[in-house]
Amino acid sequence: MTKNDILIGSHVSLAGPDFYLGSVQEALSYGATTFMFYTGAPQNTYRKPIEELKIEEGRKLLQENGINEDKIIVHAPYVINGANSTREDLFELSKNVIINELQRTAAFGCSTLVLHPGAHVGQGAEKGIECLAKCLDEIFANDHTNVRIALETMAGKGTEIGVNFEQIKAIIDACHYKDRLGVCLDTCHVHDAGYDVNDVDGLLKQFDEIIGLDKLLVVHINDSKNPRGAKKDRHENIGFGYIGFSTLYKFIHHPLLVNIPKILETPYYNEKPPYKQEIKMLIDGQFDTNWRDNI
């Protein structure tokens with residue numbers, strides 16, 4: 001396997017004036033072979049029209065650099081919650097926003113939209129799963145793209161659902177459009193949820209037995225600021241947290257994950273992105289303890 005065969009990248013910006021062209025340029029500056037972006041601000045539902053986002057220019061640059069746009073990942077905004085059975089207005093908003101995001105994802109030539117499953121807001125995980133499955137069924141019934149939704153594994157804050165593989169499986173099983181659903185495994189989240197992330201083979205075996213590795217569409221590569229089982233969800237730079245460099249290196253190079261995009265969501269350091277340094281270390285297998293001093 002050559003360096004160019006490793007599907008690794010990070011979150012990048014879709015900010016103006018270059019929008020998607022700028023997203024691709026940013027990813028290339030990090031030495032990435034994939035990346036993830038939001039089609040607008042993650043904290044709200046306002047979205048610029050597709051025709052203003054320099055999509056064709058970005059797609060052309062991807063092609064020129066031999067990057068498969070089918071492996072580029074889009075992330076849904078945070079402000080929706082299809083698992084909330086107590087507010088019909090939020091349920092409808094969540095449904096409509098996700099339908100729009102699926103259509104926008106397809107317009108970029110991408111095929112995977114990462115979605116946080118949401119929170120049951122005190123109604124119990126079973127009710128939250130039932131509500132989210134209903135929301136997803138209504139979404140897929142009204143969407144005619146081929147974009148799949150990757151349900152993200154969560155850390156267990158508050159009343160989140162999707163905090164273990166069994167809950168993710170239950171969401172998929174409850175949905176009538178199972179072929180449109182997959183999973184985004186976040187290393188920080190599953191660590192904070194209590195899984196032994198350092199046993200990479202064991203974790204993937206457990207995932208395969210419960211959900212199936214054929215459903216794994218994305219892996220978020222993040223270290224964690226907190227010990228295992230903390231349920232905090234606070235990302236740390238690669239090698240500076242409780243998961244550690246060697247474990248995250250194993251995820252990047254694991255033979256079962258060769259064709260799956262690996263995305264860094266680690267925090268900026270001194271207000272600068274760490275991704276060029278982190279990607280290089282994870283490809284080369286050499287952890288530089290001093291890289292943050294020179295960024």
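A: Let's start with Lys225 and Glu236, whose side chains meet in a salt bridge with an N to O distance of 3.3 Å. Bear in mind that this is a predicted model. The pair links distant parts of the chain: Lys225 lies in the loop between β8 (223-224) and β9 (235-236), Glu236 is in strand β9, and eleven residues separate them.

Now for another pair, Asp18 and Lys54, with a salt bridge at 3.4 Å, N to O. Asp18 lies in the loop between β1 (8-11) and α1 (19-29), and Lys54 in the loop between β2 (34-37) and α2 (55-64), so this bridge ties together parts that are 36 residues apart in sequence. Here Asp18 is partly exposed, at 29% relative accessible area, and Lys54 is partly exposed too, also at 29%.

Asp89 and Arg87 make a further bridge, at 2.9 Å from N to O. On the Arg87 side, the relative accessible area is 40%, which puts that residue in the partly exposed class. Then there's a group that goes beyond a pair: Glu92, Lys95, Lys134 and Glu138 are linked in a network of salt bridges.

All told, the count comes to 18 salt bridges. As for the charges in general, the protein has 30 positive and 41 negative ones, and their mean positions are 1 Å apart.

Zooming out to the fold, the secondary structure comes to nine helices and ten strands. The radius of gyration is 18 Å, close to the 19 Å that the globule rule gives for 295 residues, so the protein is as compact as a globular protein of that length. Along the principal axes, the C-alpha atoms fill a box of roughly 50 × 45 × 35 Å. If you look at contacts with a separation of 6 or more, 77% of them come from residues 24 or more positions apart. Finally, the accessible surface is about 12,500 Å², and carbon and sulfur atoms hold 47% of that.

Note on methods:
Residues numbered from 1 in each chain as written. Predicted model: local features only at pLDDT ≥ 70, side-chain atom pairs only at ≥ 80, totals over all residues. Heavy atoms only, no water. Helix = DSSP H or I, 4+ residues; strand = E, 2+ residues; numbered from the N terminus. Rg over C-alpha atoms; globule rule 2.2 N^0.38 Å. Contact = heavy atoms within 4.5 Å. Areas by Shrake-Rupley, 256 points an atom, 1.4 Å probe, with all protein chains shown as cover. Lys, Arg positive; Asp, Glu negative; His and termini not counted. Charge placed at Lys NZ, Arg CZ, Asp CG, Glu CD. Salt bridge = Lys/Arg side-chain N within 4 Å of Asp/Glu carboxyl O. Buried < 20%, exposed > 50% of the residue type's maximum accessible area, 1.4 Å probe, protein only.
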